[in-house]
Amino acid sequence: MDKKKLENLEVHLKVDEKIYPPKEIVERAWIKDYETVYKKSIEDREVFWSEVAKELEWFEPWDKVLEWEHPYAKWFVNGKTNITYNALDRHIKNGKGDKIAYIYVDEEGNEEKITYKELLEKVEALANGLKSLGLKKGDRVSIYMPNSIEAIASMLACARLGIIHSVVFAGFSEGALRMRIEDAQARAVITATYTKRRGKKIPLLPTVEKTIDGLDNVEKVIVWDRDKEGVAKDRGNKFVDFNSLIEENRGNCPPEIMNAEDPLFILYTSGTTGKPKGVLHTTSGYMVYTYYTAKIVFDLHDEDIYWCTADIGWITGHSYIVYAPLVNGITSVIMEGVPTYPHPGIWWEYVDKYKVNVFYTAPTAIRMLMKYGDEIPAKYDLSSLRILGSVGEPINPEAWHWYYENIGRKRCVIVDTWWQTETGGHIITTIPSYPMKPGKAGKPFFGIEVAIVDKNGEELPPNTVGYLVIKNPWPSMMRNCWGQPERYKKYWTEIKNYYNPDDLASIDEEGYIMIVGRADDVISVAGHRIGTMEVESAIVEHPDVVEAAVIGKPDEVKGERIKAFVILKEGVKPSDELKKEIQKTVREILGPIAIPEEIEFVEKLPKTRSGKIMRRVLRAKELGMEIGDLSTLDD
């Protein structure tokens, strides 16, 4: 970020607006005095987390809360549990078997409800089915599914058996899916015939078939045949029908006794260099932390109806659609579709219909819905709402106010959450009992110490933009990068011995933190992190392209959009037709989310003497900013 822009930002950071939560929300909040509890959580972190963990059930207690050998942590050492036991069996044992776990809806208003008891039966049958296919603890299974109860049951069936699930967002195309299946060495893939979006059926099975061609590690493909057309039967022994697998394997399936540090899942996230990294999360720390953050931040109570609009293919879906809501024993809405189809009030229609109390979405969606005007949400009764959440990227004050006034009707609390795939759960957030500051995420969650530092790890004064770092381990931190330990270590060694998420932020005199944006070459399109390297590699797959560099440009709705600078092969003439072909190539390899909206053909790219593309130079030129130090520029 150039100096002038930083100075302007620092002036802006000092302009504070404070909005106080309604008295009735403060009175019912789990934590009423943030400062006292926070102090206790820092002074005796292990006692604090031990008390939280005791709210859940364990087959055997832990010997030690934390074992920390920088940069590796073990939490609840030698404790034995199973996350699905806490998510399902525990509630049934406590008489909540008939409580609705999920209300699934699609764009057309089709609805399906499933109780905790019915969900457990489905999960046990599917787990028995996976066992019958020879799958066992420690194996990997890739899941490429729509946002659905079946996808959730697939994740839970894996977790029931200690199989490591690796969910891939169903918007990704063949190249992205293949890389993830191959890297995890998945023995099976669970998929569906299609997903529904904007009134269309978007095929998933053909993508899987092309993806696994030549992949010897994939032994079985389990297909949720949504229209019951017998598609698995037509495709030979490798393909298994999801519905039949459940019907033929009904019956009890005791949960695998999992050690605290046994792996739970791998989820791939874009990085600044090379292929995406497989972030590895383990059982107990992840379970305890996500359970507690959801309970406190969303102020979840037994009778609440909760709706997180994310997709299960992202960490938000893992933590705050699947695991935390179930472990908290509440009823969730889950939707397959988009927020503007069949009309831009569909979300508010469902909030009204299901009397949603807690609603969690992304700033991108809020900005998109703002464009349709205030009169759309005004048509609906949104009086059931109490907590509004924001996730995925910083929410700008304008969108914050629209959300607060038009959706929350000035009587809800907005909790703005900052966290990552790597952190597993919320790290910085407002909680419902203290004042909100529009545009600022809030304060560190309990047990978390953060600082704003320079490149050397020296703390910066208030209202100065620097690197956000986390000083200490926390229960849901990732344990490794799958097969790439050196990439994991980098997080904890780049700036002192702190965890460096590569985000820029500032902290004010009252401890509120504003997230400014990424410090690295990751572009955030509609809250989805996309590595520049991945997009560039896809562009270069086009036969006429020699080299490419991509940058993120500010976008009013999506946060950022992708622009590509492309060098063509000798003799190839630039044309609009060629731009469309390059965009099509990226769509086929990575999916629509990674398509560069702008393509500029160039003769050369700015590089360092060692051959690294200087994307910051391209970004500075494009945005009219100061270019800064060019001492390492080759030409």
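Helices (H or I, at least four residues) and strands (E, at least two) are DSSP runs, numbered from the N terminus. The model is predicted: local features need pLDDT of at least 70, side-chain atom pairs count only at pLDDT 80 or more, and totals for chains, interfaces and linings use all residues. Residues are numbered from 1 along each chain as its sequence is written, and side-chain values use heavy atoms, with hydrogens and water left out.

View A. Lys496 lies in the loop between helix H17 (485–493) and strand E26 (503–507). Its phi is near 50°, a positive value in a residue other than glycine. Lys496 has a relative accessible area of 41% and is therefore partly exposed (buried means under 20% relative accessible area, exposed over 50%, partly exposed in between; 1.4 Å probe, protein chains only). Gln185 is not a glycine either, and has a positive phi of about 50°. The loop that holds Gln185 runs between helix H8 (174–184) and strand E8 (188–192). With 40% relative accessibility, Gln185 counts as partly exposed. Most residues other than glycine have a negative phi, and most peptide bonds are trans.

View B. The bond from His70 to Pro71 is cis, with omega near 5°. Pro71 sits in the loop between strand E1 (64–69) and strand E2 (72–77). Tyr341 and Pro342 are also joined by a cis peptide bond, with omega about 5°. Pro342 belongs to the loop between strand E17 (331–336) and helix H13 (346–354).

**View C. The largest nonpolar core and Phe298.** A nonpolar core is a set of buried Ala, Val, Leu, Ile, Met, Phe, Trp, Tyr and Cys residues joined through side-chain atoms within 4.5 Å. The largest one has 197 residues, of which Trp49, Tyr102, Leu119 and Phe298 touch the most other members. Helix H7 (residues 149–161) gives the most to this core, with 10 residues. Phe298 has contacts (heavy atoms within 4.5 Å) that include Tyr306, Val358, Tyr360 and Ile387, not counting residues up to four places away in sequence.

**View D. Strand E18 and its partners.** Two strands pair if DSSP finds at least two bridges between them. Strand E16 (residues 305–308) runs parallel to E18 and is joined to it by three bridges; Tyr306 has Val358 in E18 as its bridge partner. E18 also pairs with strand E19 (residues 387–390) in the parallel sense, over four bridges, and Thr361 stands opposite Ser390 in E19. Val358 and Tyr360 point one way from E18 (residues 358–361), Phe359 and Thr361 point the other way, and all are buried. In a regular strand the side chains alternate between the two faces of the sheet.

**View E. Ser154 in helix H7.** Ser154 is placed in helix H7 and is buried, with a relative accessible area of 0%. A polar atom of the Ser154 side chain lies 2.8 Å from the backbone oxygen of Glu150. Beyond four places in sequence, Ser154 touches Leu126, Ile143, Met145, Ile190 and Phe242.

View F. The whole structure has zero disulfides (a disulfide is a pair of cysteine sulfur atoms within 2.5 Å). For Cys253, the nearest cysteine sulfur is that of Cys158, 11 Å away. Cys253 counts as buried at 0% relative accessibility. For Cys412, the nearest cysteine sulfur is that of Cys308, 17 Å away. Cys412 is also buried, at 0% relative accessibility.

Note on methods. A polar contact is a pair of N or O atoms within 3.5 Å; within protein, one must be able to donate a hydrogen and the other to accept it, and residues adjacent in sequence count only if both atoms are side-chain atoms.
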